Amino acid sequence: MSLAVFLLPKGDFALELVRWKEKVEKQCPKQPYTTHPSHMTLINMKVKNEDDGIAAISALSNYTNPFQITVNRKDVFWDDAATGGHTLYFGIEKNDVLHALQKSLAEALQQVKENIPPPHYLTGNKQLLESYDKYGFPFVGNHWIPHFSVSSLRTEKTHPIIEEFLSTTKQYHFTANQISLWRVDDNEHTLLETVYFK
C-alpha cells in the first residue's frame, strides 16, 4: 500500500476524461489505469505511518492558494516502462505553481517515507532513481510531466482508439482549490481525505 496525493479534474474536463476511460474500457477491456479514479498524481509513495503523512500534507494547505490549470493537449507515453503499454493522457500547460506544490509535498513527506528498493523499471535511469531515493517517488522535479492518464493500452501503436484519441484537441480550464489523499493498494484506491487550499 502507498499514500498518494491526487489533483482531481473538474467540470467539462472531468466529464471528457471519464468519457474516454469508458470508451477504452468498452473497446479494450482490462487495460492498466482505465478503471482508476480520474486524477493527476502529484506524489505516490510508501509511508511508515499513514496518519503522519496525512498530517504533514494537511499542514501545507495553509500556505497554498487556489491556482488555474489549463489542459491543452493529448499525448501518449509510448512503451511506458511501468505498464508495458502505451499510456494515453491529457497534458497541461506549463505550471510553476503546480511544480512548487509537488516539491513542497515531497519535502513534507520525506520524514515519513519508507525506504524500500526501487521498482525494476527505474534501473538505469539516474534522474528517476535519484528522485526515488530522495522522495520515494521517481517523478519529483523538472522531469515530471503533469498529466491526467486515461489508460495504458497493451496494443499496437497504431490501434484505432489511440489514433482517435490523438486526432482532436480541445482546451479546458479549471481552478485547482484542493488536493485529495488516497490509500493505493494495486488497483484499489480509497479516498482518505480532501484538503482544501486557503
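## Burial and surface

In this predicted model, 47% of the 198 residues of the protein chain count as buried. Buried here means under 20% relative accessible area. The protein chain exposes about 10,200 Å². Carbon and sulfur atoms supply 49% of that area.

## Fold and overall shape

The protein chain has five helices and eight strands. Along the sequence they follow the pattern β-α-β-α-β-β-α-α-β-α-β-β-β. The radius of gyration is 16 Å, close to the 16 Å that the globule rule gives for 198 residues, so the protein chain is as compact as a globular protein of that length.

The C-alpha trace spans about 45 × 35 × 30 Å along its principal axes. Now take the contacts between residues at least 6 apart in sequence. Of these, 75% join residues at least 24 apart.

## The largest pocket

Rolling a probe the size of a water molecule over the atoms shows where empty space is left. The largest pocket has a volume of about 1,500 Å³. It is lined by 50 residues. Closest to its centre are Tyr33, Asn44, Ala82, Tyr121 and Phe139.

## What lines the pocket

Several elements each supply at least two residues of the lining of the largest pocket. Among them are two helices, helix 1 (11-27) and helix 4 (126-135). Strands contribute too, including strand 1 (2-7), strand 2 (40-45), strand 5 (147-153) and strand 7 (178-185). Strand 3 (67-80) is also on the list. The largest share, four residues, comes from strand 3.

Conventions: Residues are numbered from 1 along each chain as its sequence is written. This is a predicted model: local features need pLDDT of at least 70, side-chain atom pairs count only at pLDDT 80 or more; totals for chains, interfaces and linings use all residues. Side-chain values use heavy atoms; hydrogens and water are left out. On a 1 Å grid over the protein atoms alone, a cavity is a set of points where a 1.4 Å probe fits but cannot get out, and a pocket is an open set with protein on both sides within 12 Å along at least five of seven lines; lining residues have an atom within 4 Å of a point. Grid points are joined across faces, edges and corners, and a volume is the space filled by probe spheres set on the points. The radius of gyration is taken over C-alpha atoms; the globule rule is 2.2 Å times the number of residues to the power 0.38. Buried means under 20% relative accessible area, exposed over 50%, partly exposed in between (1.4 Å probe, protein chains only). Contact means heavy atoms within 4.5 Å. Accessible areas come from the Shrake-Rupley method with a 1.4 Å probe; for residues, only the protein chains shown count as cover.
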